[in-house]
Each structure stands twice: as C-alpha cells, then as structure tokens.
Amino acid sequence: RLMPRSYSVSSSRLVNETSVRFVFNLVRLPPKRNFPSRHGICTGWLDRITQSFQRPFGDESAVEPDVNIKVPIYFRVNNRFKFPEAVKVPIVMVGPGTGVAPFIGFLDHRRQQRLAAKMTGMRLRFGETWLFFGCRHKERDFLYRDDLEGFVSDGILSQLC
C-alpha cells in the first residue's frame with residue numbers, strides 16, 4: 001500500500017479560494033542491483049501529469065495548463081504552524097529548498113492584507129518579515145525566485161537572506 005505524501009501549500013486563500021498551489025522536486029533514485037534508475041512514485045506521477053505546462057528553470061513566462069488536472073489531496077491541519085493574526089507581529093521564516101513553500105503562501109497573504117488595508121484607507125503598521133532561504137544550486141534550485149524578489153521590491157519581504 002502506498003503511504004500518503006506530505007506537501008506544504010504555497011498559496012493563500014486570500015489570493016484564490018478555489019485552488020491550491022504546492023511545489024515538489026522530482027525524486028531521482030539511482031540504479032540498484034537489479035533495478036534501473038527511476039523516479040519516485042509520487043513525484044514521478046506529478047511530473048508526468050504536469051509535463052504539458054512545465055517550463056525550464058528560469059523561464060518565468062506564464063503558461064496555462066491545457067487540461068484541468070485534479071490531484072486527490074487530503075488536508076492535514078497544523079495548529080502550531082500558522083500565520084500570525086496581528087499584522088504588526090514580525091515574522092522570521094526559515095525555509096531551505098522546498099521548505100520555502102508555506103512561506104510563499106504567508107507572503108502572498110501579507111500582500112493581500114496590505115492591499116486590503118490600502119483599499120479601505122486603514123493605516124496599519126505591518127511587522128517586518130525576514131526569510132532565510134537556501135538552495136544547493138542557485139542557478140537551478142532557486143524556487144520561487146521571481147516571487148521572492150517581487151516580495152522584496154514591493155516591501156512585503158523586509159529581508160531575504
């Protein structure tokens with residue numbers, strides 16, 4: 001029996017209530033005695049069903065899927081890991097590699113909070129947001145690079161370390 005895989009949501013309900021975004025890295029298993037090199041079961045499947053709209057790393061052009069892909073998911077709530085209610089609370093985030101995923105959702109959420117405050121004329125003091133992020137190969141593995149650089153330039157992310 002195949003065990004469930006855990007992935008972190010990288011989107012905010014304030015941005016889109018009807019879809020969920022997440023990130024995965026394709027697991028490549030080296031060859032063993034009687035087995036050739038192969039991909040992980042779940043990430044291999046995800047890779048195959050998303051082939052039609054994948055782009056090479058660094059190509060940030062928008063690509064809309066030509067099919068409506070449905071992936072069976074089951075939400076698991078973590079009551080200890082959540083975005084702070086008060087916008088003035090500073091946030092320090094540490095997310096290496098795909099561990100950055102939930103923080104992309106946090107930053108999208110903060111962006112929407114700022115937009116809502118601006119549109120309603122509310123003068124809120126937002127706490128600083130720091131993200132410590134790392135990857136092995138910046139030229140290949142810098143997940144969400146454009147998003148993160150956009151958060152910095154928009155003032156949503158105070159420091160990207």
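Modeller: Isoleucine 91 has threonine 129 as its bridge partner in β4; strands are DSSP E runs of at least two residues and helices are H or I runs of at least four, numbered from the N terminus. Keep in mind that this is a predicted model, where local features need pLDDT of at least 70, side-chain atom pairs count only at pLDDT 80 or more, and totals for chains, interfaces and linings use all residues. Residues are numbered from 1 along each chain as its sequence is written, and side-chain values use heavy atoms, with hydrogens and water left out.

Biologist: In which sense do β3 and β4 pair?

Modeller: Parallel, over four bridges. Two strands pair if DSSP finds at least two bridges between them.

Biologist: Which residues of β4 are on the covered face, and which on the uncovered one?

Modeller: In β4, residues 129-132, Thr129 and Leu131 form the covered face, while Trp130 and Phe132 form the uncovered one.

Biologist: OK, new topic. Where is threonine 50?

Modeller: Threonine 50 lies in the loop between α1 (41-49) and β3 (91-94).

Biologist: And is threonine 50 buried or exposed?

Modeller: Threonine 50 counts as buried because its relative accessibility is 13%. The cut-offs are under 20% relative accessible area for buried, over 50% for exposed and partly exposed in between, with a 1.4 Å probe and protein chains only.

Biologist: What does the side chain of threonine 50 reach?

Modeller: The backbone oxygen of leucine 46, at 2.7 Å. Leaving out residues up to four places away in sequence, threonine 50 touches Phe24 and Ile69, where contact means heavy atoms within 4.5 Å.

Biologist: What about valine 9, where is that found?

Modeller: Valine 9 sits in the segment before β1 (28-29). With a relative accessible area of 33%, valine 9 is partly exposed.

Biologist: Now the whole chain. How many helices and strands are there?

Modeller: Four helices and five strands. From the N terminus, the order is β-β-α-β-α-β-α-α-β.

Biologist: What does the C-alpha trace span?

Modeller: About 65 × 35 × 30 Å along the principal axes of the chain.

Biologist: How much of the chain is buried?

Modeller: Buried residues make up 26% of the 161 residues. As for contacts with a separation of 6 or more, 61% are between residues 24 or more positions apart.

Conventions: A polar contact is a pair of N or O atoms within 3.5 Å; within protein, one must be able to donate a hydrogen and the other to accept it, and residues adjacent in sequence count only if both atoms are side-chain atoms.
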